[in-house]
Amino acid sequence: MLLIAGKRRKTLHGGEPLTTNNRMELTAAIEALKALNGSREVLLHTDSKYLMDGIEQWLPAWKERGWKTAAKKPVKNQDLWQELDRLREKHQVRWKWVKAHNGNAGNEEADALANRGIDEQLQLA
């Protein structure tokens, strides 16, 4: 992940064995918000439709239904959604979706960092 504040830049990367892309997208947003000191105004870019749809559409309904989907099934990745929800309430977060692999420099750098995290996990296996 790539954090930018004015002229300051910080990169973070990592991975988990036996996980899913959706869990990693949520984890990246969580770790980005955890990396901030104090309460901040944040513009969080993501290329994940899962993350965007969850934040903008599904989350309020899940909470109203006691973390159940419209089909009354448990929400997948509930642990991460709850942590992200808790963290985003500490900040003023605006969410922006960017198209993946479309030449956006920040997104390309974030993808390279994600791939680095995957490579490091594979070396540990």
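Along strand β3 the side chains alternate between two faces. The model is predicted. The protein has 4 helices and 4 strands, and from the N terminus on these elements follow the order β-β-α-β-α-α-β-α.

**Strand pairing**

- Strands β3 and β4 run parallel and are joined by 6 bridges.
- In this pair, Leu-43 stands opposite Arg-94 in β4.
- Strands β1 (residues 2-5) and β2 (residues 8-11) run antiparallel, with 4 bridges between them.
- Leu-2 stands opposite Thr-11 in β2.
- The hairpin of β1 and β2 has 2 residues between the strands, and Gly-6 in this hairpin takes a positive phi near 65°.

**The nonpolar core**

- The largest nonpolar core holds 20 residues.
- Leu-51, Trp-81, Leu-84 and Trp-95 are the members that touch the most other members of this core.
- At least two core residues come from each of α1 (21-34), β3 (41-46), α2 (49-64), α3 (78-88) and β4 (92-97).
- Helix α2 gives the most to the core, with 6 residues.
- Leaving aside residues up to four places away in sequence, Leu-51 touches Glu-25, Leu-26, Ala-29, Thr-46, Trp-81, Leu-84 and Trp-95.

**Helix α1**

- Helix α1 has 14 residues.
- From the first C-alpha of α1 to the last the distance is 20 Å, close to the 20 Å expected at 1.5 Å a residue.
- The buried residues in α1 are Glu-25, Leu-26, Thr-27, Ala-29, Ile-30, Ala-32 and Leu-33.
- An α-helix has 3.6 residues a turn, so residues three or four places apart point the same way.
- The buried residues of α1 pack against β1, β3, α2, α3 and β4.

- Asn-21 lies in helix α1.
- Asn-21 counts as exposed because its relative accessibility is 54%, and the cut-off for exposed is over 50%.
- Between Asn-21 and Trp-62 there are 41 residues of separation in sequence and 21 Å in space, C-alpha to C-alpha.
- Asp-85 is found in helix α3.
- Asp-85 counts as buried because its relative accessible area is 7%, and the cut-off for buried is under 20%.
- Apart from residues up to four places away in sequence, Asp-85 touches Leu-59 and Lys-63.

**The whole protein**

- The C-alpha trace spans about 40 × 35 × 30 Å along its principal axes.
- Of the 125 residues, 31% count as buried.
- Among contacts with a separation of 6 or more, 66% are between residues 24 or more positions apart.
- The accessible surface comes to about 8,400 Å², and 50% of this surface belongs to carbon and sulfur atoms.

Methods: Residues numbered from 1 in each chain as written. Predicted model: local features only at pLDDT ≥ 70, side-chain atom pairs only at ≥ 80, totals over all residues. Heavy atoms only, no water. Core = buried A, V, L, I, M, F, W, Y, C linked by side-chain atoms within 4.5 Å. Buried < 20%, exposed > 50% of the residue type's maximum accessible area, 1.4 Å probe, protein only. Contact = heavy atoms within 4.5 Å. Pairing = 2+ DSSP bridges. Expected span 1.5 Å × (residues − 1). Areas by Shrake-Rupley, 256 points an atom, 1.4 Å probe, with all protein chains shown as cover.
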